[in-house]
Amino acid sequence: MIAVLLMILGCASFFYATHVIVSANPHAKIPTWIGLPPNNPGRAFVFRMVGILLLISGAVFSDDLAWYWIAMFILILMAPSAVYMALHNRRVARLAGTRPTE
C-alpha cells in the first residue's frame with residue numbers, strides 16, 4: 001500500500017512540474033524528449049527530482065509486486081502529464097499558425 005501511495009505522489013509531482021513549465025511558457029512549444037523550454041523555472045526541476053525519488057522509493061517498497069506491474073502502473077500514472085504537454089504543444093502550434101509573423 002505504501003509503495004502505491006509513493007508512486008502516485010511521484011507521478012503527481014511530475015504532473016505539477018509539467019504544469020509549472022507549461023504555465024511559464026504559455027506561447028512556446030515544450031520539447032517532448034530532449035531539450036529545455038525557453039523558460040525553465042528551478043522549482044520544476046525540484047519537483048521532477050522529488051518525483052523521481054518518490055517513484056524509486058515506491059518501487060523499492062513494493063516487495064510483492066512484479067516489476068512489470070510496477071512499470072505498467074508508472075506508465076499509466078505518467079500518461080496525464082504527457083497528454084497535458086501534448087495538448088499544450090498542439091494549442092501553441094495552432095495559435096502560431098494563425099498569428100502574423102513578427
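**Exercises on a predicted model**

Thr18 is buried, at a relative accessible area of 9% (buried is under 20%, exposed over 50%, partly exposed in between, with a 1.4 Å probe and protein chains only). The model is predicted, so local features need pLDDT of at least 70 and side-chain atom pairs pLDDT 80 or more, while totals for chains, interfaces and linings use all residues. Residues are numbered from 1 along each chain as its sequence is written, and side-chain values use heavy atoms, leaving out hydrogens and water.

**Exercise 1.** Place Thr18 in the chain and list its contacts beyond four places in sequence.

*Solution.* Step 1: Thr18 belongs to helix 1 (helices are DSSP runs of H or I, at least four residues; strands are runs of E, at least two; both are numbered from the N terminus). Step 2: with neighbours within four places in sequence set aside, Thr18 touches Ser81, Tyr84 and Met85 (contact means heavy atoms within 4.5 Å).

**Exercise 2.** Describe the order of elements and the overall spread of the protein chain.

*Solution.* Step 1: the chain contains three helices and zero strands, in the order α-α-α from the N terminus. Step 2: its radius of gyration is 16 Å, well over the 13 Å of the globule rule for 102 residues, so the chain is more spread out than a compact globule (the radius is taken over C-alpha atoms; the rule is 2.2 Å times the number of residues to the power 0.38). Step 3: along the principal axes, the C-alpha atoms fill a box of roughly 55 × 25 × 20 Å. Step 4: 29% of the 102 residues count as buried.
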